Amino acid sequence: MSADILNAQHNDDTFENIWQELKWRGLVHVSTDEEALEKALSDESLTFYTGYDPTAASLHLGHLVQLLVMRRLQLAGHNPIGLVGGMTGLIGDPRQTSERVLNSPEVVAEWVKSLRSQIERYLSFEGEHAARMVNNLDWGGQLSALDFLRTIGKNFRVGTMIKKEIVAKRLNSDEGISYTEFSYQILQGMDFLELNRQYNCTLQTGGSDQWGNLTSGTELIRKVEGKSVHAIGTPLITNSDGTKFGKSEGNAIWLNPEMTSPYSFYQFWLNTADADVLDRLKVFTFLTRAEIAEYGEKVEAEPFKREAQKRLAYEVTSLVHGAEAAQQAIAASEALFGKGDFAALDASTLLSVIAELPNAELKADELGMISVLTATGLAASNSEARRILKEGGASVNGVKVSGEDAVISVDELLHGKYAIVRRGKKAMAGITLA
């Protein structure tokens with residue numbers, strides 16, 4: 001578990017209650033009866049759940065919104081249930097465009113373990129409001145098709161189901177939608193019913209794109225149990241220019257450090273636009289309203305210092321990967337701008353930096369600087385490489401080199417394998433010993 005997250009305090013007393021804080025942070029796009037929900041969150045200690053389907057080996061930034069909503073609610077005195085969909089992950093919720101490819105039960109089971117370990121880092125499993133983890137395969141996997149149709153399916157009306165936004169879109173597409181994916185909303189509704197029966201769970205949170213699935217649960221409980229329960233749909237976060245948030249050059253930003261390195265993760269946040277940074281601080285950090293207001297003044301007065309972006313990048317990287325990884329990412333950024341020492345970076349961070357730069361894998365007898373400059377693209381030809389070296393325009397790991405016969409010795413390689421080569425002030429590349 002992340003000590004930064006678990007030690008975070010619900011200490012912003014400028015808010016009357018957690019509902020008002022969630023709204024101020026821009027975390028409520030849609031909900032069931034707002035007045036009743038605000039009263040319940042203020043007067044009671046609710047048990048709530050958020051579900052995560054194992055459709056990949058890691059959670060991504062969209063899931064991080066939900067994880068931090070869970071933590072905020074827990075800090076406010078409510079009881080979280082983290083659900084990993086070992087059952088629903090075998091189906092997959094309908095996508096906007098086309099049918100999902102079904103993953104094997106073995107793959108889904110592995111991903112369940114991976115996601116569970118990630119979710120657990122954001123919750124406390126001790127004390128009065130201790131969290132719990134569940135897997136919907138534990139109840140769904142025991143239910144026969146006949147029992148499912150008789151006890152659950154009979155409570156759903158097809159006319160209502162096809163009006164759900166995502167279903168309607170798919171029905172009007174060329175590919176249509178299979179009965180399997182069409183039934184997903186019934187399965188998610190069954191989850192809410194089961195958790196209501198077992199743990200008196202009365203609130204579900206999720207993305208607003210899941211609203212149809214969330215309300216399937218509230219309606220099922222109303223019909224079967226005669227109870228009113230709640231749901232909150234958080235907004236889908238977009239950038240101020242209208243582009244999709246959470247993507248970097250077309251790739252998702254994952255929470256698993258092996259899929260998105262802490263350095264790349266830090267850089268993603270550091271590159272946040274001025275127009276977006278305050279909203280990101282509200283959603284993805286535990287900074288108070290007063291602290292965020294101070295950064296708003298800094299963005300207005302001295303945007304070139306990018307202090308808000310630096311704080312955002314540090315806070316979120318610390319939450320997800322730990323303070324040490326965040327500090328390494330900062331050190332790497334400073335070294336790239338000539339303000340730090342590459343030798344101070346650990347091997348994994350250095351490798352992440354090299355992966356972001358033009359790079360080449362070279363053998364020990366290929367470490368002559370002329371070869372290095374041409375192999376990495378820092379020089380277009382041997383003659384250009386000679387000119388650069390003659391003029392003293394190259395450096396290795398922050399140390400200037402000169403002379404046409406300059407060679408990088410194996411002893412100079414960082415961690416015995418890596419080097420950062422710079423041409424002039426800005427052009428850089430990395431090399432790895434083959």
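Q: Which residues make the nonpolar surface patch?
A: Val158, Ile162 and Leu171 make it, and the patch covers about 240 Å². Bear in mind that this is a predicted model.

Q: Where does Val158 lie?
A: Val158 is in helix H8, which runs over residues 158–161.

Q: Buried or exposed, that Val158?
A: Val158 is exposed, because its relative accessible area is 52% and the cut-off for exposed is over 50%.

Q: Switching to Arg25. Where does that one lie?
A: Arg25 sits in the loop that joins helix H2 (18–24) to strand S1 (30–31).

Q: And is Arg25 buried or exposed?
A: Buried: the relative accessible area of Arg25 is 3%, and buried means under 20%.

Q: What lies 3.3 Å from a polar atom of its side chain, I mean Arg25's?
A: The backbone oxygen of Thr285 does.

Q: What else is Arg25 in contact with, leaving aside neighbours within four places in sequence?
A: The contacts of Arg25 include Arg72, Leu281, Lys282, Val283, Phe286 and Ile292. Thr285 is on that list too.

Q: Now the largest nonpolar core. How many residues does it have?
A: That core has 56 residues, and those with the most contacts inside it are Leu61, Leu64, Leu255, Trp269 and Phe284.

Q: Which helix gives the most to this core?
A: Helix H4, residues 61–75, with eight residues.

Q: What is Leu64 in contact with, again leaving aside neighbours within four places?
A: Leu64 is in contact with Tyr122, Leu255, Phe284, Val316 and Val320.

Q: What other core lies apart from the largest one?
A: Another core, of 26 residues, with Ile166, Ile186, Ile221 and Val229 among them.

Technical notes
Residues numbered from 1 in each chain as written. Predicted model: local features only at pLDDT ≥ 70, side-chain atom pairs only at ≥ 80, totals over all residues. Heavy atoms only, no water. Patch = residues over 30% accessible without salt bridge, like charges linked within 9 Å, V, L, I, M, F, W, Y side chains within 5 Å. Areas by Shrake-Rupley, 256 points an atom, 1.4 Å probe, with all protein chains shown as cover. Salt bridge = Lys/Arg side-chain N within 4 Å of Asp/Glu carboxyl O. Helix = DSSP H or I, 4+ residues; strand = E, 2+ residues; numbered from the N terminus. Buried < 20%, exposed > 50% of the residue type's maximum accessible area, 1.4 Å probe, protein only. Polar contact = N/O pair within 3.5 Å; in protein donor to acceptor, adjacent residues only side chain to side chain. Contact = heavy atoms within 4.5 Å. Core = buried A, V, L, I, M, F, W, Y, C linked by side-chain atoms within 4.5 Å.
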